[in-house]
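Please go through the structure shown here and discuss how its parts are arranged.

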Amino acid sequence: MLRCGCTGRGQATQIHILKGVRDMARKCMTVLLVLMLVVTMGSVAYAAPEFRIGTYLQLTGSNSVVGNSGRQGIDLAVKHINANGGFNGAIVVVTHYDTAGSTEEAVKVVQKMIANEAVDAVIGSINSNEVSAAIPYLNEAQIYNFGLGTSATWMQDTSRIWTFRASANNGRIAPQDVDLILKLGYKNVAIINGTDDTGKSTADAFEAACKEKGIAVTTRQQCDSEDTDFTGQILQILSTDPDCIFMSLIGTTFGPFVKQVRNMGYKGMIGCKECFSLEYQNVAGAENSNYVFYAYPYVGYTDIADCNIPIMSEYLKNFKAEFNELPAHEGAYRGWDTMMSMWEAAKIAGSNDKTALRDAMVKVKIAGLGGELDFTKGDREGYSQFYSFVLVDGSNYLIDDWLAAGGYDKYLKATGRNR
Amino acid sequence: MFSYLLVNGMIIGGIYGLIALGYSLIYRASGLMSFVQGDIITFGAYMGLTFYKVLGLSIYASLFLTFACAFALGIVLEKGVIRVLLNKNVMPIYIVLATIAISFIIQNAPQAYYGTVTQRFPQVFSKSSITVFGVTNQTEAYACFVVSVVLMFALHIFMTKTKFGTAMRAAAMDPLAAEACGINTSLSTGVTWGLSAGIASVAGMLLGPMYGVYTMLGATLGRKGFAGAVIGGYGNMYGAMLGGMILGLVETFTAGYWSGTYKNFIAYAILLLFLFIKPTGIFNEQAIQDV
């Protein structure tokens, strides 16, 4: 192959040189490989540890706005936590899984996280049905987990020591709703509730609290979560002439119910198991949404200037900066509060070991977006006290302020009612 | 209380009837069963929202354009999906499955633009509620009932008094003979699907101001409409309206005099009862045996 008219000695010299070049190339390659290996090993050795969180949220399908809001709240909190040292130096990595609003899918996703994903913690759905179905598996696998739903039922089992909640428990809100009714001077109330877990369990707790506090329940009506027409239920309610009505409904039923009850002539106060969100107001119509009252940790805002709670105002500013919008649903507050509670537990534990984190939860006491998140009672729940609001002309007023400002007299005058 | 229940039962029954009308029309004209009607209500509600709220068109223009878009969608579904499957000589169950698949696509598609938040459909009439026979209701609810009745009569006249309507019925009864008589059966079947979709979309647009617009708006109503069609006699237009009306009244009276918890139980128990005792429905339509 070396045909250049050279002598035999010259050929030997050239072959020798070529061999030398090959040897040199081999050595260089070896050194390069060793260097690459060292660099890779070094980077592995010095990579920051991770704290892996898996979530199961309804991210698609009807009502997925609540799941997506929860995801935004979690993502914003994770960004904040990682920028401030993570969980004891570990970077928090979150993987979101979509349940599409299906309980079966929630269980599948959780089983996958337990079996294949080696997650350190799990945050559960805003849909309590999904949480109820998933947490037995998480507790069996001893996974440190939080639920975002508000139903009372899934926290009743005291053996589920790996599950916590940093959002409201409707079962605890219900007695405060009854206190509101007493504050307004009412003697009786009619109830309408959905047949879903949250709707029914909240109505149960509300009815029990009414009994305990001497408020008569004139009638209790139920509806399906997919119902659109409530004529029969409303007529039964109105036939008992209640002082006020309490709604323990879900999602798409709030707006049409309020609209229909107002159209059928009821102008009185309506209690709500949760904050009567902008979405509900949109469907019910602004004029129909007046005089809806509720006890809840937080309310929705269309303008940051409307918020006079410093911690919430700060949160809304950060949320707007991150997502260029304000939260579409209060699920965004629940997601943030949950991550902040977990972060505090990590700080207290000084370790990311799951048992240490679980045990540290009982010492967590921080300022949440809806008031004090106090887990020191040992019941694995954060919120115990809630604000009381009344919705008038699209604004949420603290009910004590509203009453003090003569709001109730204005209500009587505006509606022509005597109570 | 009775008058309230009666009027409101008729209003919701009118909506069920309108949906049932679409089911029956498709069956009558093409011998096929479609499960997409309920979701075309959703489609109509979103189209109406787009024309009326987003583009700011008048209610009449919005209604017309919504009908036109749904009509076009119905033809596209028939020509682009159903006809293709029929040409492959598939079993009828595959047509049913195809319509179920389309219904899920329609449920999900609006999310791309509107998301999953319930959208507010602005009030159509200046007066939010009116009182008829001592019963106060949202104006749109009464409008919905009136439109349901008008559409039923318009459809009856179209099907029985016009050449095209007669051709459509002929094509449904015996396509081969109809074609031999010079009837374009392909066109008539396409128009039937278009009409059914158009009717459902009008219902959807009228429901928007009452319930808000969301992706599952038509799903439950569609099931009720189907039940109404079976009760009345699947494939019979008058039966569809009557069946829908009966269903609406039964569930409203059940909720009013007994409990809202059991209104669906009673409504669907009646459907089962009809299937067992009189599967041909009130109007004795020989349809069930063909499915």
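Predicted model: local features only at pLDDT ≥ 70, side-chain atom pairs only at ≥ 80, totals over all residues.

Residues are numbered from 1 along each chain as its sequence is written, and chains are lettered from A and ligands numbered from 1 in the order in which they are written.

Student: What separates the centres of domain 1 of chain A and domain 2 of chain A, taken over C-alpha atoms?
Tutor: Domain bounds come from an automatic or database domain assignment. For chain A this gives domain 1 (50-168 + 306-385) and domain 2 (171-296 + 388-415). Taken over C-alpha atoms, the distance between the two domain centres in chain A is 29 Å.

Student: How many residues does the contact take from domain 1 of chain A, and which classes make up that side?
Tutor: Two residues are in contact if their C-beta atoms, placed from the backbone, lie within 7 Å. By that criterion domain 1 of chain A and domain 2 of chain A contribute 13 residues each. For the classes, Ala, Val, Leu, Ile, Met, Phe, Trp, Tyr, Cys and Pro count as nonpolar, Asp, Glu, Lys and Arg as charged, and the others, Gly among them, as polar. The side of domain 1 of chain A that touches domain 2 of chain A then has two nonpolar, ten polar and one charged residues.

Student: Which elements of chain B give two or more residues to the side that touches chain A?
Tutor: The contact joins 31 residues of chain B to 29 residues of chain A. On the chain B side the residues divide into eleven nonpolar, 18 polar and two charged. Helices (H or I, at least four residues) and strands (E, at least two) are DSSP runs, numbered from the N terminus. The elements of chain B that give two or more residues are helix 1 (2-30), strand 2 (135-138), helix 9 (185-211), helix 10 (217-232), helix 11 (237-257) and helix 12 (263-277).

Student: Which residue stands opposite Val390(A) in strand 14 of chain A?
Tutor: Strand 13 (residues 387-392) of chain A and strand 14 of chain A run antiparallel and are joined by four bridges. In strand 14 of chain A, the residue opposite Val390(A) is Tyr397(A).

Student: Is strand 8 of chain A enclosed or open, and why?
Tutor: A residue is buried if 20 or more other C-beta atoms lie within 10 Å of its own, exposed if 12 or fewer, and partly exposed in between, with C-beta atoms placed from the backbone. One side of strand 8 of chain A carries Cys244(A), Phe246(A) and Ser248(A), the other Ile245(A) and Met247(A), and all are buried. Because five of the five residues are buried, strand 8 of chain A is largely enclosed by the rest of the structure.

Student: Which residue in strand 8 of chain A is the bridge partner of Val189(A)?
Tutor: Strand 6 of chain A runs parallel to strand 8 of chain A, with five bridges between them. Strand 8 of chain A is also parallel to strand 9 of chain A, over three bridges, and there Phe246(A) stands opposite Gly271(A). The bridge partner of Val189(A) is Cys244(A).

Student: Which residue of strand 4 of chain A stands opposite Val122(A)?
Tutor: Strand 3 (residues 121-123) of chain A and strand 4 of chain A are parallel, with three bridges. From strand 4 (residues 144-147) of chain A, Tyr144(A) and Phe146(A) point one way and Asn145(A) and Gly147(A) the other, and all are buried. The residue opposite Val122(A) is Asn145(A).

Student: Is Phe375(A) buried or exposed?
Tutor: Phe375(A) lies in the loop between strand 12 (371-374) and strand 13 of chain A. Leaving aside neighbours within four places in sequence, its contacts include Met361(A) and Arg380(A). With 23 C-beta neighbours inside 10 Å, Phe375(A) counts as buried.

How values were computed. Pairing = 2+ DSSP bridges.
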